[in-house]
Amino acid sequence: MTEDDLFEILDPVLSTLGAVVTGGDSYQQPLLDVLRYYTRPVRLSWMPVVGRALSVVAIVRQPVDVGLTDEGYRILLRRLSMAANDRFPPWKALSIGLTALVLSPEPIQPDDDTAVQKALGRRSRLRAVPLALFRVNLGQEAMAMALAQGPDGLFAEPEAVADALTTRFRRFVPLLPS
């Protein structure tokens, strides 16, 4: 599978939710390559400034200096949150619900779901709040994922991406203890 095949899976799913595709960013320091953003405005409350949020799905390449551990994923989520803060300023939306899809050349292992879940469980103090983390290996057609609950189901992108990817990518489910 190629990146274009992945975009063909995601584009129709996210466009039905009202998300708009925008180009990515490339950062040298800290190292981060965002291939594409999908954005959708979200209304959190009736208040004009405080009530505006943005749902962002970011497709990134796994940086070579970030490990495949829960701490490595925390570093990656922090970098991606800073990139989203930079790309989408506060006057566009005060809060950002972030869904991260990481394209990794390393094979998906059975314990990767645990690592991404631990990374997603820790919150940062940035205005971008990670709601989902997907690690995808296109060649292996496998993925690991973790989802968090957003406020009142206003951020539908994590579940929509999960549903779209599970039809094509396999997951390693841990064996039940005997």
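The structure is a predicted model, in which local features need pLDDT of at least 70, side-chain atom pairs count only at pLDDT 80 or more, and totals for chains, interfaces and linings use all residues. Residues are numbered from 1 along each chain as its sequence is written, and side-chain values use heavy atoms, with hydrogens and water left out. The chain holds four helices and six strands, and eleven salt bridges are present in the structure.

**Fold and dimensions**

- Helices (H or I, at least four residues) and strands (E, at least two) are DSSP runs, numbered from the N terminus.
- Along the sequence, these elements follow the pattern α-β-β-β-α-β-α-β-β-α.
- The chain is as compact as a globular protein of its length, because its radius of gyration is 16 Å, close to the 16 Å that the globule rule gives for 178 residues. The radius of gyration is taken over C-alpha atoms, and the globule rule is 2.2 Å times the number of residues to the power 0.38.
- The C-alpha trace spans about 55 × 35 × 35 Å along its principal axes.
- Of the contacts (heavy atoms within 4.5 Å) with a separation of 6 or more, 68% are between residues 24 or more positions apart.

**Burial, surface and charge**

- Buried residues make up 47% of the 178 residues. Buried means under 20% relative accessible area, exposed over 50%, and partly exposed in between (1.4 Å probe, protein chains only).
- The chain exposes about 9,000 Å², of which carbon and sulfur atoms supply 57%. Accessible areas come from the Shrake-Rupley method with a 1.4 Å probe; for residues, only the protein chains shown count as cover.
- The chain has 19 positive and 20 negative charges, and their mean positions are 8 Å apart. Lys and Arg count as positive and Asp and Glu as negative, while His and the chain ends are not counted. Each charge is placed at NZ of Lys, CZ of Arg, CG of Asp or CD of Glu.

**Helix H4**

- Helix H4 (residues 157–166) is mostly covered, with seven of its ten residues buried.
- The buried residues in H4 are Glu157, Pro158, Ala160, Val161, Ala162, Ala164 and Leu165.
- Their cover includes helix H1 (3–16) and the strands S2 (32–43), S3 (52–61), S4 (95–103), S5 (128–137) and S6 (142–147).

**Salt bridges**

- A salt bridge is a side-chain nitrogen of Lys or Arg within 4 Å of a carboxyl oxygen of Asp or Glu.
- Arginine 36 pairs with aspartate 11 in a salt bridge, with the closest N and O atoms 3.0 Å apart. This pair links distant parts of the chain, since arginine 36 is in strand S2 and aspartate 11 in helix H1, 25 residues apart. Arginine 36 is buried at 18% relative accessibility, whereas aspartate 11 is partly exposed at 28%.
- Aspartate 33 forms a salt bridge with arginine 61, with a closest N and O distance of 2.6 Å. Here the link runs between distant parts of the chain, from strand S2 (aspartate 33) to strand S3 (arginine 61), 28 residues apart. Aspartate 33 is partly exposed at 24%, and arginine 61 is partly exposed at 34%.
- Arginine 79 forms a salt bridge with aspartate 65, the closest N and O atoms lying 2.8 Å apart. Arginine 79 is in helix H2 (residues 70–87) and aspartate 65 in the loop between S3 and H2, so the pair ties together parts 14 residues apart in sequence. Arginine 79 is buried at 12%, while aspartate 65 is partly exposed at 46%.
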